[in-house]
Amino acid sequence: MTEHYTVSVRALCEFTAKAGDLDLRFTPSPTAREGMEGHQIVTRRRGGTYRTEVFLSGHYEELTVRGRADGYDPERNRLEEIKTFRGDLALMPANHRELHWAQAKLYGWLLCQSEALAQLDIALVYFNVVSQQEDLLKESFNSNELENFFKEKCKEFLSWARQELHHREALHQSATALDFPYATFRHGQRPLSEAVYRGAASGRCLLAEAPTGIGKTLGTLFPLVKAIAPQRLDKLLFLTAKTPGRQLALESAAKLNLPELRTLELVAREKSCEHPDKACHGESCPLAEGFYDRLPAARQDAVHETVLDQARLRELALKHHICPYYLSQEMARWSDLVIGDYNYFFDQSAMLYALTTQQGWRTAVLVDEAHNLVERARSMYSASLDQHVFRAVKKQAPKALKTALERVNRQWNALNREQPEGEAFIVQAGLPEALLQSLQLATAAISDYLTEHPFALDSDLMRFYFDATQFIRVADLFDDVHFLCDVEWGSSRGSSSRRARGTVVSLRNLVPSERLRPRFEAAHSATLFSATLQPSRYYRDLLGLPDNTVAMSMPSPFKAGQLRVHIARHISTRYADREASVAPIAALIHEQYQRQPGNYLAFFSSYHYLQQVQDYLQAHYASLPVRAQRRQMSEADRQAFVEQFHSEGQGIGLAVLGGAFGEGIDLPGQRLIGAFVATLGLPQVNPINEALKARLHTLFGEGYNDTYLYPGLRKVVQAAGRVIRSEQDSGVVYLIDDRFCRNEVQRLLPDWWTPTEGQ
């Protein structure tokens, strides 16, 4: 029996009807909420017989095409395709309009077929979310015209569809026959793999705590590849917080040695843009000119590659003279395993989440180092605007924008005058509505201006525009339970007056659960894994995991004898005791190094604390080789720092806890034989964290633990985990502070550790 290939109307149009330049000038798109509300306003204006969200489907040979038309008015015999927009409609590129017509005409034929219509009026309804005015473009078609158009587009797509069906069949056969790439699993790796496979089979979410060294990346990826055929999975998403995680995933995929598994690495635009000084349209960037005309050949080349990592994707894109970043966006549709940052699935405008819902994919999600997702998700759904930065933008802005920006300035100053005297940080009772309205008008004015006068992405005006747009988007989501609005007085050199300093207005997401829950519900299955996911209740509550989520902890392959854990309780690292702690910490580091020379890492709560200890070591133990993490190290600098820890090397590396070297780096054997952790890692006590504590206590009853203790101890365990990376490693860890002796702290340390007091 011939297998059918199903494609949405939207995907069919995007594949066959896009032509000409890549042009992002007309992309100040409405927010998701504005888009939905715009559709509702338009449909409410129609008559009582008007039908909305009309499901339609049709066939052409082995191709099934389906989708939902926005609206149909049977009295007028008119099908409507509704598009919301901002700015000047006259400036919309012609190829955008052609795409909209193609979509409407495909729906038109499917409706004619369904309703046995001989003729149909089709209208594009453009709704301006700012003015709430409609522009309606209407044409009449007979059913034969629409049928021929439908067949033409299906023919264009059919050879690709057949190619994809053949690819899926080959992938299913190979994945089903796939064996684990090693003769045996590591200790704890097999139960992890089995749990991931069961999660995919049952469509449930798994929260898996698995210790470092068992091969979590391969142990989670292998079972999902095995599940592709039986679970009819369309996409595997491997989501990471940092670049090393992507690299490990690529290496693990290569170990599977499965040529049929198309693997794609997604990289941020700023890291893949070839012309950052140019705007994204054909009149400015040569790689945007004719992008959609050259895309088919590049796409055809790309699907024959097993691995499309950043380097290979760039080679292919430049060969076809198109933008690497937007080629990667296209290939996300046609790859089997997509490796990228969290934001591609969890962010407000997450591409992979949008495609999952639009295309109806059965998606299995792997979340690497999932302990990072809480803070990352908070940042995705938060926004801040700095008045000092805004004033600089306003001062240099084009004349055409002065009025709109001055309105923002007036409303901002009015908000400042409402704040009580003598307080630097003020929690607001709700949204700053007047400021918000002025920002909406300003972004509309800027978007109109940018359409005719595009700026480079790195310009100050563009940065403010993006920041203001994010602020408006977060305001759309704001509620008094999961968010906090605050005003904080900033600082300005050479002036002490509050008015001169200006304020920073922030919308902070405190609990991202409501924003992430739809993402987990959209996935067929999700596995979140890390070496530090205790207590599981914390992650369930803050991440909005489904009620049937399974939490499990894998046994450690390590023995207590491999790691000597000492608690230096004679030293206090509390803020009030920092000065007094510097000398004894330096002495402890020196004594251990004298006893056992080798490579060590010492972690501190701040750069200032690190610098104090570094200065003391250099002054009193000058022969001790010391290197230190610096602020704002580039990726190359970070790599150079790590490479100093080689098996023949010796010395002390000083780093900030929770930073680039506190997790995600692998230093097995003699590359690292010990660590000193001179802090509990507790977040700073400040008005923001105190507001967070109060809110979390109200919601979950553990405000202090959720705000301070759990995040702090997680960083400690991650940092100490750099020492033991395999069953052959041995080493030593010093936990420096008397509070490490407390029961509530030791409860959060790994079970296989046996801490002792003293040296």
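Predicted model: local features only at pLDDT ≥ 70, side-chain atom pairs only at ≥ 80, totals over all residues.
Two or more lining residues come from each of the elements α14 (373-380), β16 (503-509), α21 (536-543), α22 (578-595), α23 (607-620), α25 (687-700) and α26 (703-720). The largest contribution is that of α26, which supplies eight residues.

Sorted by class, the lining holds 17 nonpolar, 16 polar and 12 charged residues.

## A cis peptide bond

Most peptide bonds are trans. The bond from Q534 to P535, however, is cis, with omega near -10°. P535 belongs to the loop that runs between β17 (525-530) and α21, and α21 is also among the elements that give two or more residues to the pocket lining.

Most residues other than glycine have a negative phi. N77 is not a glycine, yet its phi is positive, at about 50°. This residue is situated in the loop between β3 (63-73) and β4 (78-85). N77 counts as buried because its relative accessibility is 17%, the cut-off for buried being under 20%.

R232 likewise has a positive phi of about 50° without being a glycine. The loop between α6 (216-227) and β8 (235-240) contains R232. With a relative accessibility of 44%, R232 is classed as partly exposed, since that class spans the range between the under 20% limit for buried and the over 50% limit for exposed.

Notes. Residues numbered from 1 in each chain as written. Heavy atoms only, no water. Helix = DSSP H or I, 4+ residues; strand = E, 2+ residues; numbered from the N terminus. Nonpolar A, V, L, I, M, F, W, Y, C, P; charged D, E, K, R; others polar. Buried < 20%, exposed > 50% of the residue type's maximum accessible area, 1.4 Å probe, protein only.
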